[in-house]
Amino acid sequence: MIKKILTHWTIAFVTLFVVTFIGLQDPQIKEILRLKSFDLLLQSEPKEISQDIAVVTIDEKAIEKYGQWPWNRSVLGDIIGQLRKAEVGIIVLPILFSEEDRLGGDQTLSNYIYQNGVIIAQVGTNQTNKNSVPRGVAKIGDPLPYLFEWGGMLGPIPQLGEVADGVGVVNTAPEIDGVTRRIPLLMKIGNEVYPAMAIEVIRVAVQAPSYQVKAGDAGIIALRVPGFSTIETDPNARIWLRWNKEYETVSAADVNNFKSLKGKTVIIGSTAEGLNSIIATPTGERYSFELTASTLQTVLDGKQINRYDISLFVELVIAFVVGIIIVIIARFTPYWFVGLKLLSLYGVSIFVSYYLFNKYTILADVSWIIITLTIVGFHSVFNRFILEFQLKQQIKKQFEHYLEPKMVKKLQQNPDLLKLGGETKELTFMFSDIRGFTPLSEKYQSNPADLTKVINKFLTPMTNIIMKNGGTIDKYMGDCIMAFWNAPIDTPNHKELAIKSALEMMDKLKELNETDGFGEGNKINIGIGINTGKCIVGNMGSDQRFDYSVIGDPVNLASRLEGVSKNYDATLVVGEDTYRGISKLFKFKKLDDVQVKGKSNKVAIYTIERK
């Protein structure tokens, strides 16, 4: 009973419900798979050179020119001065100046920073809270509970922090797998709000004094820098970073090339070995300043990546629906169609995901849809395979002794040819019995094993002839064979095949008798009765044991025709219903009209004349 339940095709729906329930919990593995699928989308965007942002690198060439790091801060001041001469835009220094310059360059750097469109860095930390520079925020709703929070903020020394036009936070917010895909634009310590470096660049550029933040019951909805477009965020004030831009890069040592950076926001970042931290991103490892560049570029482009709050639920519903579809398809369609449908659903899911991203920058997760399709689809196919295998084994077990192996194989390949249970259909029946069996059995009374051998020598070739001609062996009753045609496989010429079998049996018997095929000079004569009619055919018996058999008056008549054959000195007696329709195929001879038990009218009987 349990085995039947576990292998029933509908059990795949249980698997679908389990997979869907797991999906509702959004486990860690599902989140990681979702994020990895987003990485593929983010990597798919074509790259182009940014027209807004450029990078000046503190690289090996600059180290060679200006000496060992950290430099005297006056060197950085001079680089800022050179950039300003080149008429660049905002200058971003994502470098933490939390301690005084031991080389005494702070005053020079301060002079270059003062009212010069320069933004420097501060960093959230849980170890200290020193020299932090918060920024005022106008609130609609209460955004504070949803912001990323640090225990403290380590800012620049006051000599620099108080004169810089902006101070931005350079912290990242890696996902569960350690990869940074989103950056929070605002963070907090207690009740004070701190802007990310990129958003501080925009504030300074538009000369706004503060920020505006709108929050709802589910978290932060958007933030705005007065004078700049509204920036929609996730509930934690994060935005997804795009990696579709490359940035013109000039070494800090090549001050003569700064003029190519005119009008662009310039980020001064370290690329020399060991000077900068490396951050994992969807497109590989990046220098930390590149995240500031990507964040700023994403905001400036105004085409942000969208991931809606309802997305998880919608994706789960779609996964559930396609799961139902694949279960039904796997049950009622050919295997090739199931495979084709699975591949097409995979393809459609991936295509829709890429289309939504490239057309509308919407992140749609299809990983769970693919997982649901795979698990539920393969479970459905496996269950179907098991069911069909069991059916084939059942067919083989049930018919291997009744039918020719080729016909059994045909049934296994197409079980629809077999209607299990009872059905009414027209069949042709044959009864073949040994005449004079009593004397033969008395001859072997003292040695019944030898009698069995004789009977087997008779039954085996007769059975082979019947099965070769498409007949089904119903049963052996001692020395009697009962067979029928047109079930379980439809055989339109069943009457003809039954007669053909009888004639071949008679020829084979003659050959065996002439060649002492039964041994010890034994001669066997038989009587054959054939009749056609409608009867019930199917699995019959009890719950414990059943056979594929037939019942009905035409069966009984075939048996009686075999019994009366000896009265007419004929080996073969054919009923009137068999005679009709094939009378021209054989040379029939009418024997008589006989009264049969259970019949009110006489029945014409025939034999076949042979040379």
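Strand 19, residues 423-435, is mostly covered in this predicted model. Ten of its 13 residues are buried. The strand pairs with strand 21, residues 480-485, in the antiparallel sense. Five bridges join strand 19 and strand 21. One of the contacts can be named by residue: Phe429 has Phe484 in strand 21 as its bridge partner.

Helix 5 comes next. It covers residues 73-85. Its 13 residues should span 18 Å at 1.5 Å a residue, and the end C-alpha atoms lie 19 Å apart, so the two values agree. Which residues of helix 5 are buried? They are Arg73, Val75, Leu76, Gly77, Ile79, Ile80, Gly81 and Leu83. An α-helix has 3.6 residues a turn, so residues three or four places apart point the same way. After helix 5 comes Glu87, with a positive phi near 60°.

Glu175 sits in a loop. The loop runs between strand 7 (166-169) and strand 8 (182-184). Is Glu175 buried or exposed? Its relative accessibility is 9%, so Glu175 counts as buried. Leaving aside residues up to four places away in sequence, Glu175 touches Leu35, Arg181, Arg182 and Arg238.

Now the charged pairs. Side chains of opposite charge can pair when their charged atoms come close. The structure holds 31 salt bridges. One of them joins Asp26 and Arg34, with the closest N and O atoms 2.9 Å apart. Asp26 is partly exposed, at 24% relative accessible area. Arg34 is buried, at 8%.

Glu149 and Lys188 form another salt bridge, with the closest N and O atoms 3.8 Å apart. Glu149 belongs to strand 5 (residues 148-149) and Lys188 to strand 9 (residues 186-189), so this pair ties together parts 39 residues apart in sequence. Glu149 is partly exposed, with a relative accessible area of 47%. Lys188 is buried, at 11%.

A further salt bridge links the side chains of Glu609 and Lys587, at 3.9 Å from N to O. Glu609 lies in the segment after strand 26 (602-608), and Lys587 in the loop between helix 18 (576-579) and strand 25 (588-595), so the pair ties together parts 22 residues apart in sequence. Glu609 counts as partly exposed, at 38% relative accessibility. Lys587 is exposed, with a relative accessible area of 56%.

Salt bridges can also share partners. In this way Lys36, Asp39, Asp177 and Arg181 are joined into one network.

How values were computed. Residues are numbered from 1 along each chain as its sequence is written. This is a predicted model: local features need pLDDT of at least 70, side-chain atom pairs count only at pLDDT 80 or more; totals for chains, interfaces and linings use all residues. Side-chain values use heavy atoms; hydrogens and water are left out. Buried means under 20% relative accessible area, exposed over 50%, partly exposed in between (1.4 Å probe, protein chains only). Helices (H or I, at least four residues) and strands (E, at least two) are DSSP runs, numbered from the N terminus. Two strands pair if DSSP finds at least two bridges between them. Contact means heavy atoms within 4.5 Å. The expected span of a helix is 1.5 Å times one less than its number of residues. A salt bridge is a side-chain nitrogen of Lys or Arg within 4 Å of a carboxyl oxygen of Asp or Glu.
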